[in-house]
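Hello,

Here is the structure we discussed handing over. My notes follow below it.

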Amino acid sequence: MSEWRSRIQKEWIAIGIGLLFLWGVIGVMGAAWWLNRATGAKAQVVLIEPGMTVGEIGLRLYQADLIRSPQLLRVFARLDGAGRKLMAGPHPFHGNMTTWQVLQELGIPREKLVDITIFEGMRMTQVAQILAKRLDLNEKELLRWMADPDFCKSLGVPADNLEGYLFPETYKVSAATSEKKILSTLVSHFFAGFDKDFQERAKKIGMSLQEVVILASIVEGEAQLDNERSTIAAVYHNRLKKNMRLQADPTVQYALPGKPRRLFYKDYQYESPYNTYRHNGLPPGPISSPGKASIEAVLYPANVDYIYFVARGDGSHVFSRTSQEHEEAKQKTASARRKTWKKAN
């Protein structure tokens with residue numbers, strides 16, 4: 001008799017557990033059904049930025065009153081295997097869409113790609129103007145992030161601003177990108193180009209990353225012909241070794257307010273730590289974004305003993321070993337340089 005009772009009790013317990021489980025399933029399904037309902041919000045377009053997680057997307061849509069639960073969107077994405085397939089771009093939504101339908105919309109390609117070209121020798125401010133115009137971004141916000149020491153550090157830049165590290169290249173980027181994202185992209189391309197061989201070479205010649213970029217930016221400002229880059233770099237290396245001032249015109253142009261222009265005698269007296277006519281050594285930071293060719297020229301300068309050069313006026317330069325040779329070269333090229341500046345202005 002007791003054995004029969006024990007069996008009955010076990011059966012009832014099993015039935016009870018089953019009913020509780022069924023009740024739980026029904027409750028979960030009911031909650032999911034309720035949370036999956038459309039919100040009735042107004043139709044709108046929500047920008048999904050590249051790299052956003054499902055959680056971040058869910059929060060943005062919840063704040064826009066387009067879904068009832070970010071957690072449910074995450075669960076649906078996991079069940080559907082869509083977590084890694086959500087597409088960036090401007091997605092159209094309306095308030096009659098369920099959370100499941102919202103998830104399906106997120107899997108439709110809506111991203112518009114934009115071509116952006118950053119040229120060698122561009123200053124940080126010029127890059128900000130281009131990015132703001134091409135991507136419809138906030139120029140002031142771009143400049144703010146460019147000069148944010150913590151942001152620079154997070155990108156691996158050994159400076160308090162991004163001058164010199166916004167790598168010149170043609171990029172194809174999402175029109176939905178943000179200020180921080182596009183700057184991260186440009187800087188990441190710089191570090192991709194400054195590979196392990198370049199890093200080892202910099203150590204071998206006793207230069208830090210920042211010093212290489214600074215000197216490369218000056219070479220970029222001077223060189224117009226690719227076959228002269230390594231020679232110009234060698235001149236600056238030689239001057240630094242002799243503790244001579246670099247006397248680089250591009251550093252004066254960077255120091256002066258306004259756009260680069262023809263320099264006059266008074267400009268060389270302009271007080272600025274960037275004026276290498278008044279201060280020894282390298283300036284405090286880069287003066288523009290150097291291209292890979294100028295960086296390579298600094299790392300592998302020509303084996304020459306020149307310490308002077310002067311522009312001919314046609315893009316090429318006359319290189320000299322002595323001050324006397326240099327003065328003679330300046331006299332010979334003065335007329336051609338004046339004609340070049342007149343044509344350019």
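**Second largest pocket**

By class, its lining has seven nonpolar, two polar and two charged residues. Nonpolar means Ala, Val, Leu, Ile, Met, Phe, Trp, Tyr, Cys and Pro; charged means Asp, Glu, Lys and Arg; the others, Gly among them, are polar. The lining of this pocket includes Arg201, His237, Lys241 and Pro301. Helix 11 (residues 229-241) gives the largest share, five residues.

A pocket here is an open set of points on a 1 Å grid over the protein atoms alone, where a 1.4 Å probe fits, with protein on both sides within 12 Å along at least five of seven lines; lining residues have an atom within 4 Å of a point. Helices are DSSP runs (H or I, at least four residues), strands likewise (E, at least two), numbered from the N terminus.

**Provenance**

This is a predicted model: local features need pLDDT of at least 70, side-chain atom pairs pLDDT 80 or more, while totals for chains, interfaces and linings use all residues. Numbering starts from 1 along each chain as its sequence is written, and side-chain values use heavy atoms, without hydrogens and water.

**Helix 2 (residues 54-63)**

Val54, Ile57, Gly58 and Leu61 are its buried residues (under 20% relative accessible area, 1.4 Å probe, protein chains only). Just after helix 2, Asp65 takes a positive phi of about 65 degrees.

**Thr333**

Thr333 sits in helix 14 (residues 323-344). Thr333 is buried, at 6% relative accessible area.

Best regards

Conventions. Buried means under 20% relative accessible area, exposed over 50%, partly exposed in between (1.4 Å probe, protein chains only).
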